[in-house]
Protein chains: 2
Amino acid sequence: MRNNLKVARIQANLTQQQLAEKVGVTRQTISLIEKGKYNPTLKLCLEICYALNKTLDEIFWVEK
Amino acid sequence: MRNNLKVARIQANLTQQQLAEKVGVTRQTISLIEKGKYNPTLKLCLEICYALNKTLDEIFWVEK
DNA sequence: TTAAAATGTAATATATAAATTACATTCAGG
DNA sequence: CCTGAATGTAATTTATATATTACATTTTAA
């Protein structure tokens, strides 16, 4: 599942590890979401948005 | 977890059962998401958005 | 260059989303 | 009323998101 997480994270000047800590998950989870290999829960998506000061659409929306 | 699913579904003139079928889940899953008792996956959120012709922010965004 | 930091990813375990079955409650139309 | 459609929800099972541990690869800065 494609998303803009990697770009947004780098714009925020955070490593995967730092974002993972802000959000309360492991680095692996962040890595796999960036790679499109995980289907995260809404709660986690929202926590990532809050950490990066973005909205769901900005990071996770994909046209059908 | 709060969301605008119920309002959007009714605006689209669909029952929970009809939306569930469009999206490929059970009626119970839709009901529990509307009630804020489920934490759906991103994939399911997107499928709901496609079925209702809305974006993630319109249905699932909540300010921190 | 090379050493440390950052990232990718595999295997297994654990937590939890979603399905299934079932029944109760609410609500609109006849 | 009352009957059926729509909805709420509980118990159990199944599928899968996430954690954990571990190691390899890539990137970056001295």
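In this predicted model, the contact between the two protein chains draws 16 residues from chain B and 16 residues from chain A. On the chain B side, the elements that contribute two or more residues are helix 4 (42-52) and helix 5 (56-60) of chain B. Helix 4 of chain B supplies the largest share of that side, with five residues. Sorted by class, the side of chain B that touches chain A holds 10 nonpolar, three polar and three charged residues.

Within chain A, an unreviewed UniProt entry places the feature "domain: HTH cro/C1-type" at residues 5-59. In the model, that span of chain A is 69% helix and 0% strand.

The remaining part of the picture concerns DNA strand C. The elements that give two or more residues to the surface near DNA strand C are helix 2 (16-23) and helix 3 (27-34) of chain A, along with helix 3 (27-34) of chain B. Helix 3 of chain A provides the largest share of this surface, five residues. By class, the surface near DNA strand C comprises 11 polar, five nonpolar and three charged residues.

The two surfaces can be set side by side. The side of chain B that touches chain A has 10 nonpolar residues and three polar ones, whereas the surface near DNA strand C has five nonpolar residues and 11 polar ones.

Notes:
Residues numbered from 1 in each chain as written. Chains lettered and ligands numbered in written order. Predicted model: local features only at pLDDT ≥ 70, side-chain atom pairs only at ≥ 80, totals over all residues. Contact = placed C-beta atoms within 7 Å. Helix = DSSP H or I, 4+ residues; strand = E, 2+ residues; numbered from the N terminus. Nonpolar A, V, L, I, M, F, W, Y, C, P; charged D, E, K, R; others polar. UniProt positions renumbered as here; feature names shortened; annotations may be inferred.
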